[in-house]
Amino acid sequence: MTTKLFGEPVRRREDARLVTGQGRYLDDLGPGALAAAFVRSPHAHARIKDIDVSAALDVEGLVAIYTWEDLPGALAEPLPLLIPHPALTHGRTAYPLAKDIVRHVGEPVVMVVAEDRYVAEDACALIEVEYEFLKPVVGVEEAVQGGNLVHEDVPGNVGAHMVQEVPSRDGRSAAEMIGAAPHTLEFRLDIERSACMPLEGKGVYARWDADDQSLRVYSSTQTSTSVRMAIAAKLGLPLPKVEVIAPDVGGGFGVKIVHPWPEEILIPWAARTLDREVKWTEDRREHFVSSAHERAQVQHVRVGFDDDGRILGLDVTILHDHGAYTPYGIIVPIITSTQLLGPYKIGAYRVEFSSIYTNTVQVTPYRGAGRPQGVFCMERTMDRVAAYLGRDRTEVRAANFIGPAEFPYDQRLIFQDGRPLIYDSGNYPESLRMLKELIGWDSFPEMKARAAAEGRRIGIGVGCYVEGTGVGPYEGGHVQVTSDGRVHVSTGLTSQGQGHETVFAQIAATELGVPIEKVSVVTGDTRRFGYAVGTFASRAAVMSGNAIALACRKVREKALRIAADALEADPRDLEITDGIVHVAGTPSASIPLATVAVLSNPLRYAFDEEAKRATQFSGATSMDRPPVEEGEEPGLEGKDYYSPIRSTFASGMHAAIVETDPETAEITILRYAVVHDCGKLINPMIVEGQIHGGVAQGVGGALYEKMVYDEHGQLLNASFMDFLMPYATEVPRIETAHLETPSPLNPLGIKGAGEAGVIPVSAVIASAVEDAEGITIDRMPISPSDLHTLRLRLAG
Amino acid sequence: MKPPPFEYHAPVSVSEALEALAATGPHGKVLAGGQSLIPLLNMRLVAPSHLVDINRIGELDTLTAGADGVRVGALARHATVERSTEAAAVQPLLRQALRLVAHPVIRNRGTVVGSLVHADPSAEMPAVLALLGGSVRLACLGGEREVAAADFFTGPMESAVEPGELAVSAFFPAPPPRSGTAFREVSRRHGDYAVAGMAALVTLDEDLRIASARVACVSVGPGPVVVDVSDACARRPAASVPWDAVAAAVRDRIDPEGDIHATAGYRRHLTGVLAERALKDAARNAGTEAAHE
């Protein structure tokens, strides 16, 4: 590897295009397509008595109106339950258009197709749906009483119930360990709902080719391959007749891994039925009430510990609000309950969760995917233990750390990929040391005292996490060198702005020894790569990155073999530098990779000057062997897959200093520090960007964002005016330090970095506010009004 | 999020606009900066059948600062008024408040008069007009009237503008000598509508004692709530005013409501804190003014 790009802060190659308006997002496509709009339920729980479309029929420009009764075959069935699990005994999914009962505000009831979106919305406004009201179920603690049911056949509104027990190494249960512990604490924690809120909502654009009987669908999705399979299945089309492309996608953060969304099968169906191009672009209000939310949990914690703060037993019971449906199974509470343990070795652990139906928008993974809740639980516990013992909060954490020599470390739980939760590598004491130095932990008491002397209140907080990243089952990479010397890389998973065009090109350029300018990357286009899983769980770099590296290694090996023939050299003596294959130490004995590509493909027809070298009278191939030898393929290309034995485990620790206004209770983040370990860094600049974005979302979750439902199941803040995402002005400068503990599990030694930044922020801010105020914080987010209320309560 | 159908009028003179408004009556709605109206239309929360776009009427794009005060035409953008040195010299509260109105891009488009007519109780400019005792000039076909701030804000999102009328300008009077102003607010995020906010006007006597003091409270009533706290200031110099009593006097006059961002109790508390802070700022500014006399 002579072209060293791996590990360099290469500038993002996609940015010039994206920031100058050259990106092609879903709504930029198909300007002449018909527009779809939906009549959505205004009620949280109701039975549909009648749908009267007559008034809408006169709207000029109306093309079609569809209700559930119009849907044929598999389209009329409930949407798939994507991730079945034995504990999910009562999984339920919605129909693409509501059949009899609507179970949350925003559920689609009628689809209207019209000449443009204005006309479609005009028609929607004239459709009258008659409802019979049913009792709405809002809030997990009410729901679990079972007085009113979201689904008639799901008693107690419990979709899933799961217990995992990890006894102590000498076989004692968590209950026994807590019972025997010198100290115990018991408390309740509460985390509000938030949501991914990508800048670009969902969207689908479908083109039916009646002559070819084929369908091309563009979707703003995190998984084009799986959307393709879902569309083929639901529409009864042969898979080769369906193409799905994820164009530029303006953020996903989890919500676009869910599929097929009702619109992802309804729009293609309408396009085929009408033989017209049809497009639907989700608007912000639709996104609030008809996509997905996350985070909401109530946790009950019992912990037993010794004088040093070592956790001897931990028992956590979680009520998880999964909303009205469970299309994504119980991945979120599984992640909460398994990742809760973080960098710690706990004596004995018992975790029980109930995943509960409510008449609210469904809950599916949002960046962090259950980890922020688990980390909030563990880190609040650490702070409580430290406060109880009167010890430094970092000391208590350090007392519980898994040691650097203890890897691989088996937490004896089953992770979200169905595989053992075994940490591959890490160095938690070093991470904490770096963090304390970065934030100035040890000198903070003096800073706090100086502030207090000026009448100011400041506090410091800390939070640690371990994140399972790069989950399987697999991803693939395809690499082709064409006779112009260009390198075409494709992988099936999709991009939502992460910088894949840059990092995958860095990997390919490094592996093949070509200038990065020669490398192009295509993601999420089923025309180029048909087998893939998707972009989620901080997995793209680990999965596709390694697959692309492996594919490149195949190409390199073949290139060296062909070049060795041409140069009459031993392939082991060859190197590739700047796209030229040459004998090591003898630069004159060389052949361009472009020529190797020509020679790799024996030709009958010369389409250009260079191609003549590979034609049948050129003498390029031996007469003793067939032009393409057995076991060989024409062309200089390679494909490979990477399928890991289990996930890699990245880790990080954050600290913050906050100031609280003694009068107004405003909370300001003065400093925010991050130490991050995702193994080998492919591109430190992109990793830092990921951390910054994650922390920004974490600040939202800690101080600003919550989905507020009233008792009728109405979402009270379904707009950016009242759902408060932090602006740049609310996000502090983020100080970052990297630790690189390579993963032994994959060829590149990397771990995922996409979600990391968001995970511990609520825990860190709670810790810091608690330190500033001396008030126990047990629910997030916290607003100035909330803090004021807590102060009044403390004052009695 | 597309607006329902409407007929669009684009008059180029005030008289054309007034004709259109007269013809459409209660079905007509004026479009100025559009920073509130367009989202309301797109969310189909309002559905006027006629939109009268006044953006082409050059004669409304005026800003006049005189010794007695500042008159702001209906097309003067927030940003124009905010940046006007002449306006700030005559009435500094305009710039102090406008800096807190939303974000620069919104101020580039939104208009001061539009904000007054929209009459959002959480908005800064109605509080400014109410505090200063300003007025709004309303024109209709064949007539004109000047409505005092006290009569202009009739309820949340409701003003004295009648069907057929166009608010052509607003007048913000200059303060008396030895006066100072200030605007303080707490918003959830930078640029958001205030959870609570406070405009203050303090006038000193020749001995630099507080002769009169007034505040206008934001987000704690159906409209801007003006409270005269001159008595509570007890004609003392700012340094020895019993601020607790002043804050209490303001808190007693408001009737805030709780919502998803703040409890009523927090708004009341915050209003007291902001009253003290704004009045202290205003008294300090008044002192500076007095020193320049």
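Colleague: Domain bounds, as I understand it, come from an automatic or database domain assignment. Which domains does the assignment give for chain B?
Modeller: For chain B there is domain 1 (7-53), domain 2 (58-173) and domain 3 (181-291). Keep in mind that this is a predicted model.

Colleague: Noted. What separates the centres of domain 1 and domain 3 of chain B?
Modeller: The separation is 36 Å, with the centres taken over C-alpha atoms.

Colleague: And how is chain A divided?
Modeller: Chain A has domain 1 (32-134 + 202-281), domain 2 (390-469 + 646-795) and domain 3 (472-600 + 635-642). The C-alpha centres of domain 2 and domain 3 of chain A are 38 Å apart.

Colleague: How many residues of those two are in contact?
Modeller: On the domain 2 side of chain A there are 16, and they touch 17 residues of domain 3 of chain A. The domain 2 side divides into 6 nonpolar, 6 polar and 4 charged residues.

Colleague: Now the two chains. How many residues of chain B are in contact with chain A?
Modeller: The count is 18 residues of chain B against 26 residues of chain A.

Colleague: Which helix gives the most to the chain B side?
Modeller: Helix α12 (residues 264-291) of chain B, which supplies 4 residues. By class, the side of chain B that touches chain A holds 10 nonpolar, 4 polar and 4 charged residues.

Colleague: Which residues make the contact?
Modeller: From α10(A) they are A:Thr394, A:Arg397 and A:Ala398, and from α11(A) they are A:Pro429, A:Leu432 and A:Lys436. That contact of α10(A) with α11(A) has 3 nonpolar, 1 polar and 2 charged residues.

Colleague: How do the axes of α9(A) and α10(A) cross?
Modeller: Helix α9 (residues 371-389) of chain A and α10(A) cross at roughly 115 degrees, and their axes come within 8 Å. This crossing of α9(A) and α10(A) is right-handed.

Colleague: And which residues make that contact?
Modeller: On α9(A), A:Met382, A:Asp383, A:Val385 and A:Ala386; on α10(A), A:Arg393, A:Val396 and A:Arg397. In this contact of α9(A) with α10(A), 4 residues are nonpolar, 3 are charged and no residue is polar.

Colleague: Back to chain B, for its strands. In what order do the 4 strands form the open sheet?
Modeller: The order is β11-β12-β13-β14 in chain B, with antiparallel pairing. The edge strands, each pairing on one side only, are β11 (179-187) and β14 (225-228) of chain B. From one strand to the next, the twist averages 15 degrees.

Colleague: How many bridges join β13 to β14(B)?
Modeller: There are 4 bridges between strand β13 (residues 210-218) of chain B and β14(B), and the two run antiparallel.

Colleague: Which helix lies across the strands β11, β12, β13 and β14 of chain B?
Modeller: Helix α8 (residues 124-132) of chain B lies across them, running at about 25 degrees to β12(B), which is residues 194-204.

How values were computed. Residues are numbered from 1 along each chain as its sequence is written. Chains are lettered from A and ligands numbered from 1 in the order in which they are written. This is a predicted model: local features need pLDDT of at least 70, side-chain atom pairs count only at pLDDT 80 or more; totals for chains, interfaces and linings use all residues. Two residues are in contact if their C-beta atoms, placed from the backbone, lie within 7 Å. Ala, Val, Leu, Ile, Met, Phe, Trp, Tyr, Cys and Pro count as nonpolar, Asp, Glu, Lys and Arg as charged, and the others, Gly among them, as polar. Two strands pair if DSSP finds at least two bridges between them. Axes are lines fitted to C-alpha atoms, for helices over the stretch in contact, and angles run from 0 to 180 degrees between N-to-C directions. A crossing is left-handed if the near helix is turned anticlockwise from the far one by less than a right angle, and right-handed if clockwise.
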